[in-house]
Amino acid sequence: MRVGLDFGTTNSSAAIYDGDTLRLLPLDPVNASPSILRSTLFITREGAAYIGREAINRFTEGNVGREIEYEWKYIGDAEVTFADFGTVQQALYIQVDANAPGRLFQSLKTGLRDRSFTRTNVFGTYYTLEELIAMVLRMILDRVAASVGEPVTGMVLGRPVHYSSDPAADALAFERMQTACSMAGLPEVTFLEEPTAAALSYARSSRGRAQNVLVFDFGGGTLDVTIMRLDGSGRRELLATDGVPVGGDLLDQRLVMGRLLRHFGEGTTLGPRRLPFPTHVLDHLNEWQAIVELTQPHYLNIIDEAIVIGDRPNELRALRSLVRQNYGLPLYEAVEGAKVRLSEHESTVLAMQMGEINFAERIPRWDFERLIGPDVRAVEACIDRALESAALTPDTIDVVLRTGGSSRVPRFVRMLSDKFGADKLQEMDVFTGVASGLAIAAWEREPYSKLPDA
Ligand SMILES: Nc1ncnc2c1ncn2[C@@H]1O[C@H](COP(=O)(O)OP(=O)(O)OP(=O)(O)O)[C@@H](O)[C@H]1O
Ligand SMILES: [Mg+2]
């Protein structure tokens, strides 16, 4: 059996197709929609691994709200040379969190394009990024095999059109993804660009009408575009693909950095000379994983001192609580929730009461749209490039398919309807459209660069 697998930045799903019926596979029994698996990984101190909703639950139970306690850990000896004494052997100790039960990873796919993310230390064991992704893929493969009930002989995996705008980082990302697949022991893997997969899925269900289709696949990590011509009799022609590393994670960051920093000490001045609180500390709030870095004693000392001599002690206590009690994940979950509500409502309250953190911000949709202005422009430029490379104008596009969770953000829907006309927009299975198309490609067994006749 050949399987389509969409390993997404935020969510993964898998499907099979037999030429007639498409079936989404249950990848996460704990999730409200079992065919959607959150692309998360939790590794315990003992080295046990969990994925999906269970990974988040285990992390939350064991870590969130727990005070970090440090102990000194011996890591080796070093030779230190002093001008007056000569060289001496010195034992090296670092302070480590003594009780953390495990580490949670999210958005691992985004790490692929990040040259500096090579390996990470999980309770003394080093894992490369490829190994972490391979662990997730291996567990997905086991679940796929269990649910199809026969050996998996081949897989078609999705890939963004561009992991990164920098060609070298893009090539590196794809190479690392291939390495992860082979480490995971996935059988016979081929890759297909994600929006092209979504276009295949649409093509299957829309015979009879010649049309130019533009797929707008806007996920957690990337925006991907495919333009395809369908001739109405089943023939398909791939006209253009393009993509940019803009996704829902970035939209969440815009909210945190644009609206929430003042609740964590932004603008604080220190002491009688009113020195500014170092901004590089708050830069860590940019990503929830980076908040964890602030648990290093060096940063905690800066924060503790600022609580004593700064003019905003309550906000700085909130920052300390965010860091020391691991509230980074719930912060980002609250932000994502507010963003999702803003897709339905003109305004929402983004609030958090945990530990010393206590704020409620009313965020009108127009303000969110102001914060994501640069991203809207980057996305629109990407669509324009794709149209140009397909030698088409917006009026020659017949259908615009919106897929991926971020394609529900009203600002992007508006941009698309301004460009193409509201009547051309269609939403397709936002979280599973890509996996369905990958399953069709897996069944067709054709190389993706040369799209076959259906
Ligand atoms: N109703 C909504 N409004 C706005 N954003 C949403 C909505 N629902 C989900 N999202 C966002 O969509 C993103 C996840 O979408 P999706 O599952 O399509 O991404 P992915 O396939 O995992 O990522 P990628 O394709 O970029 O690798 C998240 O950032 C999530 O916050
Ligand atoms: Mg996706």
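In this predicted model, Arg-115 sits in the loop that links helix H2 (108–111) to strand S10 (119–122). Arg-115 is exposed, because 12 other C-beta atoms lie within 10 Å and a residue with 12 or fewer counts as exposed. Beyond its neighbours within four places in sequence, Arg-115 is in contact with Ala-169 and Leu-172. Val-148 lies 33 residues from Arg-115 in sequence, and the two C-alpha atoms are 37 Å apart.

Three strands form an open sheet in the order S6-S5-S9. Pairing is antiparallel. Strand S6 (49–51) and strand S9 (102–105) are the edge strands, each pairing on one side only. On average, neighbouring strands of this sheet are turned by 15° against each other, direction ignored. Strand S5 (residues 41–44) is joined to S6 by three bridges. Here, Ile-43 stands opposite Ala-49 of S6. Helix H1 (residues 52–63) lies across S5, S6 and S9. The direction of H1 is at about 135° to S9.

A helix pair was also examined. Helix H6 (residues 248–260) and helix H11 (residues 328–342) have axes that come within 9 Å. The axes cross at roughly 105°, which means that H6 is roughly perpendicular to H11. H6 contributes Leu-251, Asp-252, Leu-255 and Val-256 to the contact. From H11 come Tyr-332, Val-335, Glu-336, Ala-338 and Lys-339. By class, six residues of the H6 contact with H11 are nonpolar and three are charged, with no polar residues.

Note on methods:
Residues are numbered from 1 along each chain as its sequence is written. Chains are lettered from A and ligands numbered from 1 in the order in which they are written. This is a predicted model: local features need pLDDT of at least 70, side-chain atom pairs count only at pLDDT 80 or more; totals for chains, interfaces and linings use all residues. Axes are lines fitted to C-alpha atoms, for helices over the stretch in contact, and angles run from 0 to 180 degrees between N-to-C directions. Helices (H or I, at least four residues) and strands (E, at least two) are DSSP runs, numbered from the N terminus. Angles under 35 degrees count as roughly parallel, over 145 as roughly antiparallel, 65 to 115 as roughly perpendicular and the rest as oblique. Two residues are in contact if their C-beta atoms, placed from the backbone, lie within 7 Å. Ala, Val, Leu, Ile, Met, Phe, Trp, Tyr, Cys and Pro count as nonpolar, Asp, Glu, Lys and Arg as charged, and the others, Gly among them, as polar. A residue is buried if 20 or more other C-beta atoms lie within 10 Å of its own, exposed if 12 or fewer, and partly exposed in between; C-beta atoms are placed from the backbone. Two strands pair if DSSP finds at least two bridges between them.
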